[in-house]
Amino acid sequence: MFESIWIIPKTDTLVIQWELKNQSEPGNYFFNIYRSENPENGFTKVNYYPIINDFKFEFPFFFPIKTERLFIQIELIFNEKKYLSNPQGMWYTLKRDQFLLAKEIIRKKELYRREKTGQQVQVLKRKTFGEDCQDCRDKSSGIITNSRCLSCYGTGKLGGYYEKINTLAEITDTQSVLVPTEVGTMEPRVAMISLTYPMVSKGDVIIDKTNKRWFVNSVVRQIIRGFPVDQNLRDAKMIPPTDIVYEI
Ligand SMILES: [Zn+2]
């Protein structure tokens with residue numbers, strides 16, 4: 001049934017495109033996308049809703065520092081019959097020796113963070129596409145009217161964020177001047193956060209070990225021979241405890 005499948009990596013997403021052998025047969029084509037880093041352990045569905053009569057799908061893709069390959073499998077449901085494509089493998093474009101070097105640098109950084117400077121944190125990747133939230137918008141203007149919406153946590157996208165990802169990070173307050181808050185205590189409001197995994201972008205949230213939450217603002221990636229080995233978030237902003245993000 002499947003003529004060809006393309007996997008196109010972009011900075012923070014992966015684009016999957018496909019073609020069928022008999023694409024002109026009348027009827028509705030339903031697709032599901034599955035991914036796996038190790039097909040022996042099975043595949044995980046990527047899309048939430050079926051993809052209908054569209055032959056392209058884009059999803060957030062965290063640069064897979066810890067693995068070397070990704071497999072994509074597409075399921076077609078047509079006239080109540082199911083067809084599964086062969087797994088399509090993507091090897092990262094790096095040469096093997098470059099990959100191993102980068103992996104070794106990451107391993108050392110993680111080891112150092114685990115034993116000395118780091119702490120266990122969780123990363124919330126913000127949804128940037130997908131179903132729009134209907135609960136907090138003005139129906140006619142589309143403007144978000146409730147910033148404390150529990151369906152999208154103020155992001156405008158249903159669910160707001162993807163599942164929490166556990167990782168190690170170094171967190172250093174960069175603002176030595178503490179600012180008074182409404183309740184009279186002093187809190188640093190900006191931090192420098194460093195982590196190797198996953199790839200983060202502006203709008204993502206880091207949860208530190210004390211449950212303090214930080215918005216990712218700018219990200220500087222350290223690239224060694226084309227491979228991102230570390231990320232520095234120089235001006236992560238502390239999220240006020242009243243923010244809806246603490247409800248996640
Ligand atoms: Zn909402």
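Here is a short chat about reading the cores and strands of this predicted model.

Me: What should I know before I start?
Reply: Residues are numbered from 1 along each chain as its sequence is written. The model is predicted, so local features need pLDDT of at least 70, side-chain atom pairs count only at pLDDT 80 or more, and totals for chains, interfaces and linings use all residues.

Me: Which residues have the most contacts inside the largest nonpolar core?
Reply: In soluble globular proteins, nonpolar side chains tend to be buried together. A nonpolar core is a set of buried Ala, Val, Leu, Ile, Met, Phe, Trp, Tyr and Cys residues joined through C-beta atoms within 7 Å. Buried takes 20 or more other C-beta atoms within 10 Å of a residue's own, with C-beta atoms placed from the backbone. Here the largest core has 22 residues, and Ala169, Ile193, Val205, Ile206, Trp214 and Ala236 have the most contacts inside it. Apart from that one lies another core of 9 residues, including Ile16 and Phe31.

Me: Which strands pair with β11?
Reply: Strands of a sheet pair through backbone hydrogen bonds, either parallel or antiparallel. Strands are DSSP runs (E, at least two residues), numbered from the N terminus, and two of them pair if DSSP finds at least two bridges between them. β10 and β11 are antiparallel over 5 bridges, with Val123 opposite Ile165. β11 also pairs with β14, antiparallel over 4 bridges, and there Ile171 faces Ile193.

Me: What is the strand order in the open sheet of 3 strands?
Reply: The order is β1-β2-β6, paired antiparallel. β1 (2–9) and β6 (56–60) are at the edges with a single partner strand each, so one side of each has no neighbour in the sheet.

Key: Buried ≥ 20, exposed ≤ 12 C-beta atoms within 10 Å, placed from the backbone.
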